Every structure is written in C-alpha cells, then in structure tokens.
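Trainee: Could we go through this structure together and set each label against its definition?

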Amino acid sequence: MPTNAMLFVSVFNMLLVLIVGYSGCVAGSGDTNMTILSASAMGYCIANGIALAAFVKTRRDAKFKGLDRPFKAPRGWEYLIAVMVVIQFCVWLPCLIYWSYNLSGGLMPAILGAVILLLFIPLWWYVQDHKDDVSEDKCSGKE
C-alpha cells in the first residue's frame, strides 16, 4: 500500500536525521541533517519520475494495453504525464542537485541519494526472479 510505504520512508528519514545530527555533534562530522533531507528529496524525485514514466510506457506499449486495471485515467493524462516526466528529470532533479550542493557544500547528498536508489536494483531483480514461484504456489494451493 503506498500510504504504508510513505509512512515508513518518513519515519526512516526522521531516524536518519536524528542519527546524523547526533553523530555530527559527537564526532564533529561535516554532514548535516540537510544531507539526509536533500538525498531523500532527490530519491523521491527519481522514484516519482520512474513511476510517471512507467504509466506512459504502459499506455503506449502494445504489450500492456490489454491489462486489466482497477482505475483507468482519462485519455489526455498520457500526454500531461509525459510532459511531467520531462519536467521531473530535466528541471526538478537538476534543481534539487544544485540546491543540495549549495546547502551542504558538496555532492554528498546527490551521491547518497543515488547509492540508496541503486541498492533497490538487486531487490527488484530478486523479486522478478521469484514472483513466478510465488504465483505458482498460490495457484496450486501449496503456499
């Protein structure tokens, strides 16, 4: 459920802010809470851009046109969302990188945000490899 995911990420980010703030005070680190918040904002920007691009892909690709969807967006949304994908990656993401560079004095938030997002790739591969196993077990009643 998207709400649970957003709540988890917000709690996780707050814990990171507390940890970085405390460790910065103790160890005299140059990292600030802004590093975590900037990395989080960039992560959201990239994740939302990917989700918007996936919507456009499912609307335009013949493989996905016949899928049963619980909600169907109106026809004009495809073009609006395609524009939003371009804005997301060509305007908002560079602005966030520039903003975080100015606030934290370096590229650490951008690197941290990219590393965190790249860590999800092995998880995605694992889910893709094992999703057929789970669906076969449920269909056969083995669970």
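Mentor: We can begin with a pair of side chains, those of Asp-61 and Lys-57, which meet in a salt bridge at 3.1 Å, N to O. Bear in mind that this is a predicted model, in which local features need pLDDT of at least 70 and side-chain atom pairs count only at pLDDT 80 or more, while totals for chains, interfaces and linings use all residues. Residues are numbered from 1 along each chain as its sequence is written, and side-chain values use heavy atoms, with hydrogens and water left out.

Trainee: Why is the pair of Asp-61 and Lys-57 called a salt bridge?

Mentor: The term requires a side-chain nitrogen of Lys or Arg within 4 Å of a carboxyl oxygen of Asp or Glu; the N to O distance here is 3.1 Å, so the pair qualifies.

Trainee: What makes Asp-61 count as buried, and where does that leave Lys-57?

Mentor: Buried means under 20% relative accessible area, exposed means over 50%, and partly exposed lies in between (1.4 Å probe, protein chains only). Asp-61 has 19% and therefore counts as buried, whereas Lys-57, at 46%, counts as partly exposed.

Trainee: How many salt bridges does a search of the whole structure find?

Mentor: It finds two, and the side chains of Glu-78 and Arg-60 also meet in one, at 2.7 Å, N to O. This pair links distant parts of the chain, since Glu-78 is in helix H4 and Arg-60 in helix H2, 18 residues apart; helices here are DSSP runs (H or I, at least four residues), numbered from the N terminus. Glu-78 is buried because its relative accessible area is 12%, while Arg-60, with 48%, is partly exposed.

Trainee: Which residues form the largest nonpolar core, and what makes a set of residues a core?

Mentor: A nonpolar core is a set of buried Ala, Val, Leu, Ile, Met, Phe, Trp, Tyr and Cys residues joined through side-chain atoms within 4.5 Å. The largest has five residues, namely Met-42, Cys-45, Leu-93, Leu-96 and Ala-110. Helix H2 (33-60) and helix H4 (77-104) each supply at least two residues of this core.
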